[in-house]
Amino acid sequence: MIIIKSPREIELIRKSCRIVVKTFELVGRLLKPGVKTIEIDEAVTDYIQSQGARPAFKGYRGYPASVCVSIDDQVVHGIPDRRKLESGQIVGIDIGVQLDEYFGDAARTFAIGEISPKRQKLLKITEEALYKGIDKAVEGNRLSDVSHAIQKHVENANFSVVRDLVGHGIGRKLHEDPQVPNYGKPNHGPRLKEGMVLAIEPMVNAGGYQVRTSDDNWTIYTQDGSPSAHFEHTIVITRDKPEILTKGR
Ligand code: MF3
Ligand code: CO
């Protein structure tokens with residue numbers, strides 16, 4: 001069942017999302033060659049807590065950290081550790097916040113120093129694909145119109161969309177109905193309605209779409225070792241343009 005949020009609930013989700021955006025500003029300043037990913041996690045934990053909020057991922061199904069940091073062929077759910085960032089890497093950062101019972105969730109992939117043209121294209125296409133999906137997230141459209149728009153943009157660029165992980169509804173729970181796949185035929189699935197809140201999050205591989213889970217039981221890697229990017233926004237469906245709650249300035 002897809003929960004329609006009241007204006008009051010949307011305002012609470014908006015507040016959580018605002019903290020997510022502010023946390024990204026902090027992380028953006030921190031991301032440099034030589035920084036340990038655990039240092040990013042510590043800064044994220046401290047900042048979110050300083051806002052009277054809770055890092056939403058910590059303890060979620062046993063996840064041990066506040067932020068997911070996924071480097072190069074790590075698709076998502078990378079666990080921060082003592083590894084240092086290096087120039088040429090791409091680093092996915094995924095941040096969730098819970099404030100007053102309501103969640104906000106967003107992800108972006110950053111370049112560390114100079115990256116190859118292929119990686120630059122991967123970041124650009126993945127972020128564009130997210131916005132192509134968001135453009136379709138309007139009342140009256142069907143859910144798979146979002147999925148299809150994402151897949152089309154990615155495959156036109158000769159990249160591939162990860163199938164095994166999806167976006168999601170969000171509200172009083174981090175993951176609510178519906179699941180939001182990043183691929184599929186248009187004009188399928190539930191009709192979108194004003195007041196639905198979705199986290200749309202394409203994961204895009206430069207090579208094949210297949211992924212595997214590492215021995216830590218969290219980190220998802222591309223099967224072929226190709227680099228992967230991830231962008232995510234929490235949005236609200238309205239009668240016309242969706243409101244992007246995790247958009248920076
Ligand atoms: N944005 C991701 C998701 O919606 C982040 C979850 S990480 C986890 O699934 F650790 F909380 F699982
Ligand atoms: Co999410």
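Tutor: Let us begin with a definition: helices (H or I, at least four residues) and strands (E, at least two) are DSSP runs, numbered from the N terminus. This is a predicted model, in which local features need pLDDT of at least 70 and side-chain atom pairs count only at pLDDT 80 or more, while totals for chains, interfaces and linings use all residues. Residues are numbered from 1 along each chain as its sequence is written, chains are lettered from A and ligands numbered from 1 in the order in which they are written, and side-chain values use heavy atoms, without hydrogens and water.

Student: In which strand is glutamine 98 found?

Tutor: Glutamine 98 belongs to strand S4, residues 90-99.

Student: Does glutamine 98 count as buried or exposed?

Tutor: Buried means under 20% relative accessible area, exposed over 50%, and partly exposed in between (1.4 Å probe, protein chains only). Glutamine 98 has 16% relative accessibility and therefore counts as buried. A polar contact is a pair of N or O atoms within 3.5 Å; within protein, one must be able to donate a hydrogen and the other to accept it, and residues adjacent in sequence count only if both atoms are side-chain atoms. One such contact, of 2.7 Å, links the side chains of glutamine 98 and arginine 54.

Student: Which residues have the most contacts inside the largest nonpolar core?

Tutor: In soluble globular proteins, nonpolar side chains tend to be buried together. A nonpolar core is a set of buried Ala, Val, Leu, Ile, Met, Phe, Trp, Tyr and Cys residues joined through side-chain atoms within 4.5 Å. Here the largest has 28 residues, and Phe159, Leu192, Leu198, Ile200 and Ile235 have the most contacts inside it. Helix H3 (117-135), helix H4 (143-156) and strand S9 (197-200) each supply at least two of its residues; the largest share, six residues, comes from H3. Another core, of 22 residues, lies apart from it and includes Ile19 and Val97.

Student: In what order do the three strands of the open sheet stand?

Tutor: Two strands pair if DSSP finds at least two bridges between them. The order is S3-S12-S11, with antiparallel pairing. Strands S3 (74-76) and S11 (211-213) are at the edges with a single partner strand each, so one side of each has no neighbour in the sheet. Two bridges join S3 to S12 (residues 220-222), and valine 76 has isoleucine 220 as its bridge partner in S12.

Student: Which polar side chains approach ligand 1?

Tutor: Histidine 168 has a polar side-chain atom 2.8 Å from an oxygen atom of ligand 1, and histidine 175 likewise has one 2.8 Å from an oxygen atom of the ligand. For glutamate 232, a side-chain N or O atom is 3.1 Å from a nitrogen atom of ligand 1.
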